[in-house]
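Please read the following report with the structure open beside it. It takes up helix packing, then sheets, and then charged side chains.

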Amino acid sequence: MRNLALLLFIISSVSSFAQEKIKTKKNPIGWQYTVAPLQPLPEEYTRYSIHVDTDLDPIGFWGEVGVRMSLDLEDDYEETKAVRAAHQDTINSWIKKYMDPFGYPMTRTNIDPDIKINLKTEPVQMENVQVDIDYSDQESVLGEVNVTANLTVLDLNDEVLLNKPLTFLIDDTDGPTNLLKLRHLFMNPSFKLKFKMTNKPEKKKKLLEKRIKKFEADILHYFISESGKILADHFTHQRVDMYAATIGIKDKSYETFNQMADEVTSNINALTSFNKKKRKTPEEIQPTLEMAQKSWDEELDNPSLNPEIKDVLNYNLALTNLFLNKLDSANEHIKNIEEYKDLDKKTLITGNFVYYLKGLDNAIKSKIYLGDRAQVYQP
């Protein structure tokens, strides 16, 4: 009866949503998803090996200079050995930090492993190098950066458990790309002049490949870290943190609206309560979420709705639909929010609404990708 009465109050308050500038308040919500692996390994598999086969330079020119200066070796052979050791030490540290997905009872070993993890990288290639470039235009395309790797996992019988090609893409403001633009490279005057004076495509290609070589450590780091994510997704149980909020209005005339937002917050937070008496199941909170969804959907139909209120409603509806497992609706509502436009380019200093918007967007995208593999963790 209490929920029904609350619904009637909210529906009756639609007309009070005026066009004045609003101030919002946020009720934080935090939870975790437990994520089941795509390919669970047999329980008897407890030993694994990891090998990275690469000619990409993990420390770069100045890294090598640092090694040579720190050791101050006079013997060229010993210097070369020290540099090679520094290369392998760097790769090993990245493997341990990013690529090793397993914990107890799995043991990493090179002796009779149950599964063998191999990452092989290919050399960096510059393709379709442009001869005629407008050097006054920072968007001018120099060519295509093509560099790939392959991640494979074999079982003890050398049967393929995973075969995943990887492609390095430049993290561009307009999205990942393999197009190398003038603004992607810091061109010192001598290099820029040399590049402009070179007319033959093959010579330009060699110049760019030499320049890109300075970024090989970043490329290798990407392949190793991305491999770790893929391995964890396929073979391990995970727990990932999520956050969002319900949005209320700092105005007494929105008291019933805020009441509903508070109800939604307390119900979602009850899913992960450490107090067993206060903890609720998804089935138990469903009626409250459905009531909120119904009332907020009706409020969106108001033709004179304040655009800021509309954004608040869309946000709360995206959150509510997420926990009702109505992912298409959740995705539709969040995309209708004005601040959602170019969200990837916005920083957290833009405001705390963007902070919570980014959190909700990540939760919706994660749930869409993971599907039933992701379930809210309950203590």
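In this predicted model, helix 8 and helix 9 cross each other in a left-handed manner. Helix 8 covers residues 282–300, and its packing against helix 9 is described by an angle of about 150 degrees and by axes that lie 10 Å apart. Angles over 145 degrees count as roughly antiparallel, and helix 8 and helix 9 are therefore roughly antiparallel to each other. On the side of helix 8 the contact is made by Leu289, Gln293, Trp296, Asp297, Glu299 and Leu300, while helix 9 contributes residues including Lys310, Leu313, Asn314 and Phe323.

Helix 9, which spans residues 307–323, also packs against helix 10, residues 327–335, and here the angle is about 160 degrees and the axes are 8 Å apart. Helix 9 and helix 10 are therefore roughly antiparallel to each other, and helix 9 passes helix 10 in a left-handed crossing. The residues of helix 9 that make this contact are Asn314, Leu317, Ala318, Asn321 and Leu322, and they meet Leu327, Ser329, Ala330, His333 and Ile334 of helix 10.

| Helix pair | Angle | Distance between axes |
|---|---|---|
| Helix 8 and helix 9 | about 150 degrees | 10 Å |
| Helix 9 and helix 10 | about 160 degrees | 8 Å |

The next topic is the sheets. Strands of a sheet pair through backbone hydrogen bonds, and this pairing is either parallel or antiparallel. In what order do the strands of the open sheet of five strands stand? The order is 3-2-4-7-8, and the pairing in this sheet is mixed. Strand 3 (107–108) and strand 8 (160–167) stand at the edges with a single partner strand each, so one side of each is left without a neighbour in the sheet. Strand 2 and strand 3 run parallel and are joined by two bridges, and Arg47 stands opposite Thr107 of strand 3. Helix 6, residues 216–235, lies across strand 4, strand 7 (148–155) and strand 8, and the direction of helix 6 makes an angle of about 145 degrees with strand 8.

A further open sheet is formed by three strands in the order 5-6-9, with antiparallel pairing. Strand 5 and strand 9 are the edge strands of this sheet, and each of them pairs on one side only. On average, and with direction ignored, neighbouring strands of this sheet are turned by 40 degrees against each other. Strand 5 and strand 6 run antiparallel and are joined by three bridges, and the bridge partner of Gln125 is Asn146 in strand 6. Helix 5, residues 201–212, lies across strand 5, strand 6 and strand 9, and it runs at about 140 degrees to strand 5.

The last topic is the charged side chains. Side chains of opposite charge can pair when their charged atoms come close. How many salt bridges does a search of the whole structure find? The search finds 11 salt bridges. One of them joins the side chains of Lys120 and Asp53, with a distance of 3.4 Å from N to O. This pair links distant parts of the chain, since Lys120 is in strand 4 (residues 115–121) and Asp53 is in strand 2 (residues 47–53), 67 residues apart. Lys120 is partly exposed, with a relative accessible area of 41%, and Asp53 also counts as partly exposed, at 34%.

Glu139 forms a salt bridge with Lys181, in which the closest N and O atoms are 3.2 Å apart. Glu139 lies in the loop between strand 5 (125–127) and strand 6 (141–146), and Lys181 lies in strand 9 (residues 179–181), so the pair ties together parts that are 42 residues apart in sequence. Is Lys181 buried or exposed? Lys181 is buried, with a relative accessible area of 13%, whereas Glu139 is partly exposed at 35%.

Glu139 also meets Arg183 in a salt bridge of 2.5 Å from N to O. Arg183 lies in the loop between strand 9 and helix 4 (189–197), so its pairing with Glu139 ties together parts that are 44 residues apart in sequence. Arg183 counts as partly exposed, at 28% relative accessibility. Glu139, Lys181 and Arg183 are linked together with Asp172 in a network of salt bridges.

Key:
Residues are numbered from 1 along each chain as its sequence is written. This is a predicted model: local features need pLDDT of at least 70, side-chain atom pairs count only at pLDDT 80 or more; totals for chains, interfaces and linings use all residues. Side-chain values use heavy atoms; hydrogens and water are left out. A salt bridge is a side-chain nitrogen of Lys or Arg within 4 Å of a carboxyl oxygen of Asp or Glu. Helices (H or I, at least four residues) and strands (E, at least two) are DSSP runs, numbered from the N terminus. Buried means under 20% relative accessible area, exposed over 50%, partly exposed in between (1.4 Å probe, protein chains only). Two strands pair if DSSP finds at least two bridges between them. Contact means heavy atoms within 4.5 Å. Axes are lines fitted to C-alpha atoms, for helices over the stretch in contact, and angles run from 0 to 180 degrees between N-to-C directions. Angles under 35 degrees count as roughly parallel, over 145 as roughly antiparallel, 65 to 115 as roughly perpendicular and the rest as oblique. A crossing is left-handed if the near helix is turned anticlockwise from the far one by less than a right angle, and right-handed if clockwise.
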